[in-house]
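Rolling a probe the size of a water molecule over the atoms shows where empty space is left.

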Amino acid sequence: MAVNLGDLLVREHLISRQQLRQALEYQKVHGGRLGYCLIRLGWVTGEDISAILCRQFGLPSINLPFFKVDPSVVKLIPPDTARRYQVLPLSREGTTLTVATIDPTDVLAMDDLQFMTGFTIEPVVAAESAVRAAIRKHYGAGRTLELTQGGAGASVESGPAVRDELERGRARQAPVAMEDPGQAAGEAPVVQLVNRILSCALKQGASDIHIEPYEQELRVRFRIDGLLSTVMTPPLSQRDAVTSRIKIMAKLDISEKRLPQDGRMKIRLRKEGRVGDLDLRVSVLPTLHGEKVVLRLLDRDRLMLDMTQLGFEPDSLRRFESAILRPYGMVLVTGPTGSGKTSTLYSSITRLNRMETNILTAEDPVEFNLPGINQVQVKEQIGLTFATALRAFLRQDPNIVLVGEMRDLETAEIAIKAALTGHLVLSTLHTNDAASTVSRLTNMGVESFLVATSVHLICAQRLVRRICRQCRQAAEPPVESLIEAGFSPSEAPAVLTYRGRGCDACNHTGYKGRVGLFEVMEIGDGLRELILRGGSSAQLKQTAIQDGMITLRASGLQKIRDGVTTLEEILRETAR
């Protein structure tokens, strides 16, 4: 910004090249922005700088002293952020927030404001003195320090540069917090950018961060409540620097750009006044235009370990708990990637974790460290597969064994052997519903009689978005849509449905958080006979429904009755 502004002023004949050099020297001694230094030297006015920036970038200008600022809008940007970037929020219209700024070229500042507020930022240019005065008026003067130079005293606000310098001094004895990703004056821009991405992803409740290079742009997307949305497009020139920074943090090989890499990193952060660690799983994938990076945020505070809060219907929860409390047998949890299987399994073994119980898990990867449970990270490149780990488990006197995924016949056979010899085995499969899991096992090569005798329960699940509690309101979808979804013609007209209007708490999406849909198929005598006879998935499902199984669609319809989610979410995730 400094050199660009100076060149613009010289080109417009507002200052000379000699004055620019003198101003830069003055800036080195006194600090501050170049424009502010030029104004203090008396060579230009704030209005001169505002006018040239408006002409150069095609932005409107504003005379702040005569503008009435909405106090509720001011609260959208914290005081420290307003002082750091010298900005003031003026008004809000829909999802657009108009902000007065002295530097419309500061792309990182605009992106940070967009991350922080969730609004599209529309900058307008104002004189620096006017912005400083308006910030003091609306936010207060802040802390001040007395600085002396050449015998003259000056009072200046202790902005981020001063605070960051103090924080860096303390950081020599303590870990750096990620609460203010910031923005130490000496940090490289790429460090600031990566810290900002991580901090904002955490604040917005994202589960994954996607950094994707394309031919003409670099795109950053967050997965929030199961859906991806673009949050920023940094300059394409930062692509390699961002990737290298993340690789260094995850202890990956920054020179290897031809092969996929997987790693893990841990950052220290301050959240709601508490300091804690956040684990991130990192995956780097070479693509046509560079390396795509995906980071999975593993926030222990967000891990739901209370089974009653996952979304089970009472009868389904009773069946599931009855199965995992048995001393032996197999319980399978199925569903696509990202359907919450890990949370269900972790909740199950947390429920079973007692001093007298030996629990062993084989996972790829281990997502959360659970106290009192022996967790093994599978490493296929060195021969530590699920099957190898499972064989070793059987020599470790286990009570309960968790296998992250049954990928092949060898793993399935060992798991079934364990279930038939006095161990409780929990595992996952990728199938569409509970009934098709039996077909999946037999297609893998497992004999039907082994499936019938070892498997006690199969739970299929999905995740749907919850309606935001802050802006929930009644809605009236067509009765025909409700009937088509599965409500009876007599019930559909009386169903009271809801949807989110959209508010600041949910980033104007109408949804906040997710809840599970569960299809719990208990293998009773009737189903066991049908499996032995080689019954189809459709026959198994029909028999299970007659035995009282609540299907995924029926679980979703109940969530609609309870006002938890919307019809659109159920139709997106389930089939009749």
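The text below describes the cavities and the residues around them.

The model is predicted: local features need pLDDT of at least 70, side-chain atom pairs count only at pLDDT 80 or more, and totals for chains, interfaces and linings use all residues. Residues are numbered from 1 along each chain as its sequence is written, and side-chain values use heavy atoms, without hydrogens and water.

A cavity is a set of points on a 1 Å grid over the protein atoms alone where a 1.4 Å probe fits but cannot get out; lining residues have an atom within 4 Å of a point. Points are joined across faces, edges and corners, and the volume is the space filled by probe spheres set on them. Two cavities of 30 Å³ or more are present.

| Cavity | Volume |
|---|---|
| Largest | About 60 Å³ |

Among the residues lining the largest cavity are Y498, R499, L567 and E568. Two or more lining residues come from each of β19 (497-500) and α22 (567-573), and β19 gives the most, with three. Helices (H or I, at least four residues) and strands (E, at least two) are DSSP runs, numbered from the N terminus. The lining has five nonpolar, three polar and two charged residues. Nonpolar means Ala, Val, Leu, Ile, Met, Phe, Trp, Tyr, Cys and Pro; charged means Asp, Glu, Lys and Arg; the others, Gly among them, are polar.

Around the second largest cavity lie V194, I197, L198, I211, V242, I246 and L295. Here α10 (189-203) supplies the largest share, three residues, and α11 (239-249) supplies at least two. This lining has seven nonpolar, no polar and no charged residues.

Methods. 1 Å grid on protein atoms, 1.4 Å probe; cavity = no way out; pocket = protein on both sides within 12 Å on 5 of 7 lines; lining within 4 Å.
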